[in-house]
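Here is a short briefing to read alongside the structure. Please keep the 3D view open and follow the topics one by one.

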Amino acid sequence: MKPYGFLDPQVLARIDNLELLARTVVDGFINGLHRSPYLGLSIDFAEHRPYMPGDDIRRIDWRVFGRTDRFYVKEFEADTNANFLVILDVSRSMDYASGGITKLDYARYLAACLSYFSRQQRDRVGLATIDNDIIEMVPPSAKHLEIVLHTIERVRPGGRGGLEPPLHKVAEAIKRRSIVALISDLYDEPQAIVRAASYLKNKGNDVLVFHVLDPAEIEFPFEGAVHFEDLESGERIPVIPERQREQYLQLMNAHLAETSRLLVENRIDYFRFETRQPLDHALFSYLSRREKLSRVR
Amino acid sequence: MGLSFLAPLFLAGLAALAIPVIVHLTHRERKEAISFPSLMFLSKIPYRTHRRQRIRYWLLFLIRSLAIVLLVTAFARPLLDDGGRAATMFAAAREVVVLLDHSHSMGYGDRWNRAVDAARDVVDALGPEDRATLVLFAEGATAMTLPTADPVALRAAIDAAAVGPDRTRYGPALLLAKEILERSDRPRGEVVLISDFQRAGWDARQAVRLPESAAVAAIDVSTGGAENLAVTGVATARVRRDGRQQLTVTANLANLGSSARENVPVSLEIEGQPQQVTANLAPGTSVKVEFAPVVLPGRPLRAVIRAGDDPLPGDNSYHFVATPIAALRVLIIEPSSASRDHSLYLRRVLGIGTEPGFDVEVRRVTRLAESDLTDRNVIILNDAPFPGGVLGPRLQDAVAAGAGLLVVLGRRSPPGAWSPEGMRLLPAAFSDALQRSTSGGGTIGYLDFDHPVLSVFREPRSGDFSAARFFRYRRLAARDSAQVLARFDDGAVALVERSLGSGLISVWASDVENFWNDLPLQPVFLPFIHRLVAHVGGYVEPAAAFRVGDVVELSQKTALGDDILAPGTELLVESPAGGNELLRPQEDSRYLKLAEPGFYEIRNMAAENGQSFTAAANLDPSESDLSPVDPAVIVAAVSVTSSAEAAPAEGVVLSSEDRERRQSLWWFLLLAAGLMLISETLLSNRLPQVRMSS
């Protein structure tokens with residue numbers, strides 16, 4: 001039995017509506033998990049409604065009764081525990097796919113699912129799309145899910161990437177302690193990545209880094225003497241994959257290891273995904289992280 | 001020595017060499033680039049340009065390139081320019097036809113061995129550009145090889161040759177040599193005739209004119225003064241005595257040598273009863289040797305005559321079959337008013353017949369019974385009318401079943417005496433008699449000597465019909481289906497015949513009682529009546545022997561005997577050498593060629609009693625005559641130029657096509673290309689395995 005077979009990213013890519021996609025993933029995941037998603041129970045007043053027999057009399061608003069001589073029951077909605085901000089890297093390098101879906105699409109689905117899921121957790125959701133600058137910013141709000149999803153849906157590949165400038169700006173823009181999920185391919189030096197993430201971390205945010213990679217970037221399965229062209233810069237260099245694969249893999253693995261090590265040392269959660277992996281992995285990672293945060297609070 | 005090409009445009013195919021280069025340069029950069037998210041790692045890896053174009057499998061590359069070069073070169077049809085040496089060599093090239101006589105006379109002494117040695121010498125003397133054909137000839141000629149420059153094939157053909165039983169004929173061999181030379185592209189032709197040059201084999205009318213450039217060389221392997229004694233034939237005489245046939249055999253012996261032969265033992269072996277006599281033969285003479293009579297049983301006997309011994313033993317024996325001949329049963333029907341001697345001449349003539357004999361019975365037409373008509377070979381209506389009543393149809397049935405009917409129309413056979421039914425059976429309608437007495441009588445003016453009845457009278461002094469005078473005869477109007485055998489001097493039909501069913505009906509227009517003509521008084525009367533009655537009775541003389549090369553028709557009535565084969569039966573033929581051949585029923589007549597001397601046994605597979613028939617075959621007597629003809633006569637008869645004047649050896653310019661065809665380099669190149677491609681297949685299949693395993 002394939003546990004996540006129906007959540008294959010390539011299958012999900014056929015769903016145009018991001019909300020539907022996110023619901024498909026999240027609800028399926030929750031139903032499969034058999035656990036309550038409602039972790040925070042702080043209540044905010046929402047509205048009054050007439051008392052109905054069977055309603056808990058403790059929820060009758062006596063002050064309204066005193067003014068109107070009618071029984072009204074106070075309706076509450078679960079209060080958000082935190083802001084949840086997705087920072088989506090839409091630089092040109094994300095627009096790459098060796099076979100299935102592009103990293104950007106995978107990141108979009110992931111961002112949508114995380115946002116939808118967080119909204120289910122009564123978090124306020126927001127979104128920032130970046131390349132080497134902020135492209136679009138949706139501040140976290142309890143009512144911004146649709147805007148977030150709509151923004152994600154409209155995302156197109158941007159220009160050259162660079163984490164430090166946009167993350168620095170985002171950190172300045174966030175006024176309230178938030179959970180920040182950075183979804184990127186992290187094509188930058190590990191120290192630069194950590195520096196950029198640290199801007200957010202140092203502001204008191206919980207930072208999660210979702211590192212999205214294509215399998216070809218990890219395995220480098222190319223053959224034959226070819227030119228490789230940088231998606232962002234357009235630069236071309238001749239490559240003999242058979243000869244250079246080993247060194248490439250060494251550099252890539254060293255990069256991943258160093259990035260992971262530095263982020264963890266800075267108490268930044270790091271998750272790596274390949275675009276061929278089911279989206280549930282990402283959700284599960286996030287969920288585990290949210291549980292931990294909840295217990296801490 | 002340079003290399004040139006007959007079709008140089010094909011060399012453009014060398015551009016195909018780029019194919020293996022492209023195949024091998026698998027590391028060559030592709031024009032299209034692969035987009036990659038970031039080159040931050042790849043740009044840190046040092047890049048070595050020289051590696052990307054390295055050919056990995058040099059051997060494979062070389063094999064592929066070589067295969068293409070060979071293929072293209074082969075199609076361009078290369079030829080080596082040897083400065084005219086090939087043309088000069090080719091100008092001297094000969095098309096040699098070796099005519100090797102393997103007739104029976106070549107078995108005399110060591111003639112055959114010397115002939116084979118001479119043929120081998122001719123092959124050994126062939127130049128590199130020469131080509132030769134071995135032709136074996138006797139009565140016919142057969143090319144044993146195609147024109148070839150391969151001495152091994154020629155020697156093998158010579159070694160496989162052997163002396164045969166046939167007689168010599170030079171005509172077919174020379175004709176075949178002419179055809180070979182005319183088809184040849186060699187500038188010079190040469191015919192080497194190796195034979196014992198028997199005079200009997202040379203017929204100047206069969207001489208052919210060889211091409212002008214052809215020379216004829218004659219190699220005579222005879223040593224001259226050949227001694228040869230031969231049994232050239234036998235004659236048999238049958239005498240009926242006490243109801244049994246006695247056979248007297250007379251052998252013909254010929255001394256074809258130059259020295260006398262004294263006391264030559266001559267033996268007759270027949271049915272285990274050997275007889276031996278001696279004979280003396282002067283040089284160049286023949287004698288007849290008669291043996292004591294032998295009583296013949298009711299079946300054919302094998303007999304062999306052997307005479308003396310000499311270097312050519314094949315003709316010292318003669319095989320024949322002594323077959324008893326049953327007498328023909330003849331019924332002579334006379335008119336009711338006939339005198340006592342009405343059939344006197346007929347009875348007397350038929351009474352002395354031996355081969356075949358005739359059992360004659362005479363009946364008056366008025367006393368004829370149905371039983372008289374059964375089991376008759378010949379029925380003669382000797383001036384008698386056609387029988388009336390039920391006898392008429394019975395007579396017709398008997399003829400249709402195979403009996404013969406001879407109708408003699410004399411003075412007692414007016415047209416009115418014949419019924420219409422009887423008249424319709426005859427091959428000719430007849431009318432009143434024609435008077436020729438006033439003019440001294442008529443004579444026979446025309447005889448069909450091709451007819452079996454009259455063929456023996458073809459030669460002069462073999463039967464004179466002109467002496468007979470015909471004073472009266474009936475006018476015959478031959479029907480369309482009838483064959484006229486003889487006519488009177490006024491053109492009137494004298495003898496006519498037609499077939500009815502399996503039988504024959506013949507009509508003689510005059511009488512045979514010395515009244516209307518005096519033919520019965522002529523010497524020719526006896527053989528004429530004998531042959532006529534035997535022919536009408538369907539008699540076929542059994543042949544005592546055949547010659548090698550004869551083709552015997554195996555029909556129902558053959559020279560082997562009467563009624564021996566039914567249509568549609570299978571026949572097993574055992575040859576003298578012991579070989580078996582099954583002749584399947586395909587048609588009524590089948591043919592058997594007698595290829596070797598001795599006895600052929602022909603068994604009827606359908607007969608329950610193992611019925612078989614024997615045919616004897618002997619060498620052609622002409623082959624026994626070893627007297628030679630001067631080889632120069634034959635050479636002069638067939639040559640346009642003398643043998644000393646060979647074909648021009650200069651001035652022959654070979655075209656490029658000729659030189660290319662002669663060199664045939666393309667064939668070797670194509671073969672090498674094929675080997676290269678096979679090697680490439682094996683190697684290319686193996687290399688990836690090696691790489692994977694490593």
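In chain B, strand β32 (residues 598-604) runs antiparallel to β33(B), and 6 bridges join the two. This is a predicted model, so please read what follows as a description of computed coordinates.

**Around strand β33 of chain B**

- Is β33(B) mostly covered or mostly open? Strand β33 (residues 612-618) is mostly covered, with 5 of its 7 residues buried.

**Chain B as a whole**

- Chain B contains 14 helices and 33 strands.
- Of its 694 residues, 39% count as buried.
- Taking the contacts in chain B between residues at least 6 apart in sequence, 74% join residues at least 24 apart.

**Helices α7 and α11 of chain B**

- Helix α7 (residues 344-351) and helix α11 (residues 525-536) of chain B pack at an angle of about 80 degrees, and their axes are 10 Å apart.
- Because of that angle, α7(B) is roughly perpendicular to α11(B).
- From α7(B), the contact uses B:Leu346, B:Val349 and B:Leu350, while α11(B) brings B:Phe525, B:Leu526, B:Ile529, B:His530 and B:Val533.
- By class, this contact has 7 nonpolar residues, 1 polar residue and no charged residues.
- Where is B:Arg348 placed? B:Arg348 sits in helix α7 of chain B.
- B:Arg348 counts as partly exposed because it has 14 C-beta neighbours inside 10 Å.
- B:Arg348 and B:Leu526 are 178 residues apart in sequence, yet their C-alpha atoms are 9.2 Å apart in space.

**Helices α4 and α5 of chain B**

- The axes of helix α4 (residues 111-124) and helix α5 (residues 151-160) of chain B come within 10 Å and cross at roughly 175 degrees.
- That crossing angle is why α4(B) counts as roughly antiparallel to α5(B).
- Which residues meet here? B:Val116, B:Ala119, B:Arg120 and B:Val123 in α4(B) meet B:Pro151, B:Leu154, B:Arg155 and B:Ile158 in α5(B).
- The contact of α4(B) with α5(B) is made up of 6 nonpolar and 2 charged residues, with no polar ones.

**Where chain A touches chain B**

- The contact between the chains takes 27 residues from chain A and 21 residues from chain B.
- On the side of chain A that touches chain B, β8, β9 and α9 of chain A each supply at least two residues.
- Which element gives that side its largest share? Helix α9(A) does, with 6 residues.
- Sorted by class, that side of chain A has 14 nonpolar, 5 polar and 8 charged residues.

- An open sheet of 3 strands has the order β9(A)-β8(A)-β2(B), and its pairing is mixed.
- The edge strands, each pairing on one side only, are β9 (236-239) of chain A and β2 (33-36) of chain B.
- From one strand to the next, the twist averages 35 degrees.
- Strand β8 (residues 226-230) of chain A runs parallel to β2(B), and 4 bridges join them.
- Among the residue pairs to look for, A:His227 has B:Ala33 as its bridge partner in β2(B), and A:Glu229 has B:Ser35.

**Helices α7 and α9 of chain A**

- Helix α7 (residues 190-201) and helix α9 (residues 241-265) of chain A pack at an angle of about 30 degrees, with their axes 9 Å apart.
- That angle is why α7(A) is described as roughly parallel to α9(A).
- The crossing of α7(A) past α9(A) is right-handed.
- In α7(A), A:Pro190, A:Gln191, A:Ile193, A:Val194 and A:Ala197 meet A:His255, A:Glu258, A:Thr259, A:Leu262 and A:Leu263 in α9(A).
- The residues of this contact divide into 6 nonpolar, 3 polar and 1 charged.

Notes:
Residues are numbered from 1 along each chain as its sequence is written. Chains are lettered from A and ligands numbered from 1 in the order in which they are written. This is a predicted model: local features need pLDDT of at least 70, side-chain atom pairs count only at pLDDT 80 or more; totals for chains, interfaces and linings use all residues. Axes are lines fitted to C-alpha atoms, for helices over the stretch in contact, and angles run from 0 to 180 degrees between N-to-C directions. Angles under 35 degrees count as roughly parallel, over 145 as roughly antiparallel, 65 to 115 as roughly perpendicular and the rest as oblique. A crossing is left-handed if the near helix is turned anticlockwise from the far one by less than a right angle, and right-handed if clockwise. Two residues are in contact if their C-beta atoms, placed from the backbone, lie within 7 Å. Ala, Val, Leu, Ile, Met, Phe, Trp, Tyr, Cys and Pro count as nonpolar, Asp, Glu, Lys and Arg as charged, and the others, Gly among them, as polar. Two strands pair if DSSP finds at least two bridges between them. A residue is buried if 20 or more other C-beta atoms lie within 10 Å of its own, exposed if 12 or fewer, and partly exposed in between; C-beta atoms are placed from the backbone.
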